[in-house]
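Subject: Structure handover

Hello,

I am passing this structure on to you. Please look through it first; my notes follow below.

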Amino acid sequence: MADALLGPAEIRELATRLGVAPTKKLGQNFLHDPNTIRRIVAAAGLTPGDVALEVGPGLGSLTLGLAGAVRHVHAVEIDPRLAAALPETVTAPHLTVHHADALHVKGADFDPAPTMLVANLPYNVAVPVVLHLLAELPTLRGGLVMVQKEVADRLVAGPGSKVYGVPSVKLAWYAEARAAGKVPPAVFWPVPNVDSGLVAFARHDPPPGVDRRDVFAVVDAAFAQRRKTLRAALAGWAGGAAQAEKVLVAAGISPQARGEALTVGQFAAIAGAAKLSPSGGKLSPSERQPEEVDS
């Protein structure tokens, strides 16, 4: 399959033939470097029995690499022209193209069920897409995504880091993430003005005994005012600063701590303590979307 990978000339010729011009609205930056494709496929840790899910296949560069490495590829493409053209570029019988918005797909849309997410994600929706797919597809055992370097840093950050925030904690709910390398702008067309980063992740069991929505409501509240102590930041969520303090103490968390110092397990402990609190917490779902990134 290596000989079939697309280079710069093939990418431009294909785009011209299809009348496709990359748009910022859809975050389109097409990969055109075969060595980068091979690197991504190798770093993803795929097995021949895996079912790969690719979001935003574009002109098919990465799709070709994936098709040679797994037993099935699901490609989700929102652009109708690209979705229609992909089967002509990647003629593998084990490719299923879905003309859909990845933020709205469901597990029932995919047969066979995906086991690995491998994608060059549009920068503007990278975090919501990853979190949505992990929530909707429990069959995903892990993945490797290429995102803007700044986003990659947030996704893999740990407690205490300056860039640790909502994306870091919410991804940690589902999986253990690690940085898997940088990707220079020159391997894309058009050339973006930012570096890209690879993020690898492996799914693990979430903290037990609590509902994800309850935990994410705590996370959203804590980072909405990340410079404040948790006693103050969680006041609105808990029904007052005094009640927030009671819940925090019950969870074994200092009321003077800040959200940026807590692990996902500690956020889960806060949600669990609120459920046991006599007066409860304001445990209705957060007004923010669960996948919304912090500023």
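At what angle do helix α7 and α8 pack, and how far apart are their axes? In this predicted model, the angle between α7 (residues 166-174) and α8 is about 160°, and the axes lie 10 Å apart. Angles over 145 degrees count as roughly antiparallel, and α7 and α8 are therefore roughly antiparallel to each other. Their crossing is right-handed. On the α7 side, the contact is made by V166, V169, K170, W173 and Y174. On the α8 side, R212, V215, F216, V219, D220 and F223 take part.

Next, the nonpolar cores. The largest one has 59 residues. Those with the most contacts inside this core are L117, L121, L133, L234, W237, F267 and I270. Helix α8, which spans residues 212-224, supplies the largest share of this core, with eight residues.

Apart from neighbours within four places in sequence, L117 is in contact with L53, V55, V130, L133, L140, G142, G143, L144, V145 and F201.

Last, the confidence of the prediction. The chain has a mean pLDDT of 91, and 91% of its residues reach 70 or more. Residues 280-295 are a stretch where pLDDT stays under 50. For that stretch the model has 41 contacts beyond four places in sequence.

Regards

How values were computed:
Residues numbered from 1 in each chain as written. Predicted model: local features only at pLDDT ≥ 70, side-chain atom pairs only at ≥ 80, totals over all residues. Heavy atoms only, no water. pLDDT = per-residue confidence, 0-100. Contact = heavy atoms within 4.5 Å. Core = buried A, V, L, I, M, F, W, Y, C linked by side-chain atoms within 4.5 Å. Buried < 20%, exposed > 50% of the residue type's maximum accessible area, 1.4 Å probe, protein only. Helix = DSSP H or I, 4+ residues; strand = E, 2+ residues; numbered from the N terminus. Axes fitted to C-alpha atoms, helices over the stretch in contact; angles between N-to-C directions. Parallel < 35°, antiparallel > 145°, perpendicular 65-115°, else oblique. Left-handed = near helix turned anticlockwise from the far one by under 90°.
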